[in-house]
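Dear colleague,

Please read them with the coordinates open.

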Amino acid sequence: MAQVLEFKLPDLGEGLTEAEIVRWLVEVGDVVAVDQPVVEVETAKAMVEVPCPYGGVVTARFGAEGTELPVGAPLLTVAVGETAEGGRPATGPGTADGEAARGQGPAAEGSGNVLVGYGTSEAPARRRRIRPAQPAPAAPAGPSAPAAFAAPSANGRPRTVETRDTRDTRAADAPQQPERTGTPGAGGTPSRTAGAADGPVPVISPLVRRLARQNGLDLREMTGSGPDGLILRADVEYALRAAAAQGRTGTGTAGEPRTQAAPATDLAPADRAVTRIALKGIRGAVADKLSRSRSEIPDATCWVDADATELMRARAAMNAADGPKISVLALLARICTAALARFPELNASVDTQAREIVQYADVHLGFAAQTDRGLVVPVVRDAHARDAESLTAEFARLTESARAGTLTPAELTGGTFTLNNYGVFGVDGSTPIVNHPEAAMLGVGRIVPKPWVHEGELAVRQVVQLSLTFDHRVCDGGTAGGFLRYVADCVEQPAVLLRTL
């Protein structure tokens, strides 16, 4: 007997709520082993190969490449257990579905628990009794008469699926049909059948449902452009633009006021060329985090110019000796960790629920890295315990991983302070936004020759502008100014660091 188990998109790391399918690694009908990667997804932080905790035959895939799924949404289903001739799971009435409905199917093979909140172990000793799915009435074979089935849950226990639309309209139970891989019909975009209006609406994203509901659109009257007629957000937005261009309102739902059609100028009229770029992936995560920082953190910024001539000479002397070359960023990071040891108030965060300031003993230093996929902030663990050579090597490793898109969620989270070297873009100054939930960020501009008064005389020196943006809840201006002044003193006289080494 075979049992069909559903594998849902797991929690891939801290703060991740969704992921975009980049590439499927298996096809429907493929045999997969326990913990075998089945799909490559792009989160807001990195590219991740997702392993499946079940071993068996892939029976369905949910979502085409490029589809964005929330955590907890179905990814695929796998038939596990004994197989019939030919190596395929035994199917048919009274076998997989029947055993699954009665909760008597075999337990899935054990997994290594390689994902947050996922991984299988021994089958539970007792299973909750679940009412079997009611069989569908006999009907001629064809696409308009799908058979009812018991959909499995993420933990391997079968359940009867009731779609959100049928619950909202108090209709009879209707099984949710998985989105299977296939080619559309000859007409291009699949069209809905005459009986589809009484069945489930082909919508996966709750955002699409909310957008339609807020604008009074009836999704049952729409034909989706996605796979198997799936209604996408673009379909709803197109319908709204069409309604606005015709100067009419959408069809309101029962008990809700009819919405007024927005002016054509608000919804991109046909005579204006516009480009809409979805805020998703890294761009969406950056937007959310910066918005949260601006709304929650009362930040302030102070800055100072510093003569970096001696620092550059010290670096040249280090690199003239045998051994790995030392980067400027590593020297600035070493200065940061020394300054945070003197001013620990800035190596902190604010717990708004407990109304407490949380100070950290260890410095996990984040640094801004620009990649083709957008801005990311890898984190150097225990930066306070590293010397310049170790910091240089770790910066190089994390930067290469960031550009290749292979950073893990653990390498992108847990920072306590951020160093932002925006001087690589050829600019002198900036007012950085604090990397929430941290309390401060040091910004470094470009190091360029400028006129400078040195030892009472005008000279050309290597000058850099330093800026510190800090959370005013964790400290006052005196602490922030003292931190920045100490950093500037170390840049101008690197020997100052010898006092604390």
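In what follows, buried means under 20% relative accessible area, exposed means over 50%, and partly exposed lies in between (1.4 Å probe, protein chains only). By that scale aspartate 35 is partly exposed, with a relative accessible area of 26%.

Please bear in mind that this is a predicted model, in which local features need pLDDT of at least 70 and side-chain atom pairs count only at pLDDT 80 or more, while totals for chains, interfaces and linings use all residues. Residues are numbered from 1 along each chain as its sequence is written, and side-chain values use heavy atoms, with hydrogens and water left out.

Backbone

Aspartate 35 also has a positive phi, near 70 degrees, although the residue is not a glycine, and it sits in the loop between strand E3 (31-32) and strand E4 (36-42); helices (H or I, at least four residues) and strands (E, at least two) are DSSP runs, numbered from the N terminus. Glutamate 455, likewise not a glycine, has a positive phi of about 55 degrees; this residue lies in the loop between strand E20 (448-454) and strand E21 (457-471) and is exposed, at 72% relative accessible area. The peptide bond from histidine 436 to proline 437 is cis, with omega near 10 degrees, and proline 437 belongs to the loop between strand E18 (417-421) and strand E19 (440-444). For context, most residues other than glycine have a negative phi, and most peptide bonds are trans.

Salt bridges

The structure holds 14 salt bridges, each being a side-chain nitrogen of Lys or Arg within 4 Å of a carboxyl oxygen of Asp or Glu. One of them joins arginine 473 to aspartate 471, with the closest N and O atoms 2.7 Å apart; here arginine 473 is partly exposed at 33% relative accessibility, whereas aspartate 471 is buried at 1%. Another pairs glutamate 237 with arginine 233 at 3.2 Å between the closest N and O atoms, and both residues lie in helix H4 (residues 233-245), four residues apart, about one turn of the helix. Glutamate 237 is partly exposed at 22%, as is arginine 233 at 46%. Glutamate 492 and arginine 485 meet in a salt bridge at 3.8 Å, N to O, with glutamate 492 partly exposed at 21% and arginine 485 partly exposed at 35%. Finally, Asp307, Glu310, Arg313 and Arg461 are linked in a network of salt bridges.
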